[in-house]
Amino acid sequence: MPESFTHVGLPSRILLGPGTLDQVPAEAEGLKVLLIATKSARDSADLLERALGDAFAGRIDEVRQHVPTETADAARAQAAEVGATGIVAIGGGSAIGLAKAIALVQGQPIIAVPTTYAGSEMTPVWGQTEGGDKRTGTDLRVLPKVVIYDPLLSRGLPLKVTAASVANALAHCVEATWTEKADPITEVIAVEGARALREGLLQVLDNPTDLDARSNLLYGASLAGSALATAGTGIHHKLCHLLGGTYNLPHAETHAAVLPQVTRVKALKVPRAKARLETALETDDLAAGLFDLFAQAGVPTSLRELGLTEAQAREAARRFAGAAPANAVQLDEAAVTDILTRAWAGERPE
Ligand code: NAD
């Protein structure tokens, strides 16, 4: 018998498969589309622009990480000017983040075509940055109505970016098992997501253009994003958020360096999920298994490699413990300092 729980599923229509990019015009029927594309997706955006025909209203090719306020304001102005009634975003979390910033204010439905494994397309979470300060919030208006996973679009994602992005997705799966909103349905989704992500990562390390591997990774990323959407964020994401915002560290790589160290402490509180994740990841210790997988994939496993100093790691722990209500993360400053100094040095969890 499961314990009593509440699980709120979120509505989105998901299409996965090689060539599904071709489905965008049909999914966008009746909309005047603003197209947002990262640099890497320009060729696909060109194809789409032609395929949309009269439904094409305008295009944004300038996408920046963490959605700076001025970028969001300019995008909203352009959307209003061209009379966009829908948005198609192709690219990673940054392109989808910009689409969310527009929809948050203007309410257009989003069709997301993700080309990384960050998982933003499955969540109602938006983020915007002003002067190094990142604000986030949750609003169902920003949850993409349709998500199109076409593995052909991520075949060229460089291995380094792929591996870091998978670490980001694995962080969603692992943390989803211990947040305050964790529940048994989310746990099943998170465990299956972790399994698929590991399998896909090992496959791409062997052959980066393997379509089956790329499909596996998109499937895993989708489950990871769903898990993040329902379980919310806990100490791991909040710590990475602070590190990224304050010290300008790269988003996905920061997750890789911090996750094994947080897991070493937090997974002990969720023994059933820990055991399930260990089976899924084929390891006998979750924290060490994550560390070894990231090391094998060539993702930096220390904050030192990302340019943080040890003094900054300690300062971050102090700030974090000072800012977060103790009961939200149930860890004091000494425990957070321990996590961050281990993450800084890149120690393999014992
Ligand atoms: P990103 O979108 O910035 O992409 C990373 C890099 O990969 C970019 O240089 C991009 O041009 C390149 N790229 C993307 N797809 C490619 C492809 N197929 N081939 C070659 N290059 C490609 O980064 P990301 O890691 O996808 O997303 C990070 C952002 O998403 C952060 O701002 C993070 O906060 C946000 N995010 C939000 C949520 C949410 O729920 N709101 C969840 C996860 C991440």
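This is a predicted model: local features need pLDDT of at least 70, side-chain atom pairs count only at pLDDT 80 or more; totals for chains, interfaces and linings use all residues.
The protein contains 14 helices and 8 strands. Its C-alpha trace extends about 60 × 40 × 40 Å along the principal axes. Buried residues make up 52% of the 350. Of the contacts between residues at least 6 apart in sequence, 74% are formed by residues at least 24 apart.

The shell around the ligand comprises 28 residues, of which Ser 40, Gly 92, Gly 93, Ser 94 and Thr 116 are the closest. Because domain 1 (13-154) and domain 2 (159-345) both contribute residues to this shell, the ligand lies between them. At least two shell residues come from each of α4 (93-106), β6, α5 (159-175) and α9 (251-266). Helix α4 provides the largest share, with 4 residues. Classified by residue type, the shell consists of 20 polar, 7 nonpolar and 1 charged residues.

Strand β6, which contributes to the ligand shell, spans residues 125-130 and runs antiparallel to β7, to which it is joined by 6 bridges. Within this pair, Gly 127 is positioned opposite Thr 136 of β7. Strand β7 (residues 133-138) is itself hardly covered, as 0 of its 6 residues count as buried.

Conventions: Residues are numbered from 1 along each chain as its sequence is written. A residue is buried if 20 or more other C-beta atoms lie within 10 Å of its own, exposed if 12 or fewer, and partly exposed in between; C-beta atoms are placed from the backbone. Two strands pair if DSSP finds at least two bridges between them. A residue is near a molecule or strand if its C-beta atom, placed from the backbone, lies within 6 Å of it. Ala, Val, Leu, Ile, Met, Phe, Trp, Tyr, Cys and Pro count as nonpolar, Asp, Glu, Lys and Arg as charged, and the others, Gly among them, as polar. Domain bounds come from an automatic or database domain assignment. Two residues are in contact if their C-beta atoms, placed from the backbone, lie within 7 Å.
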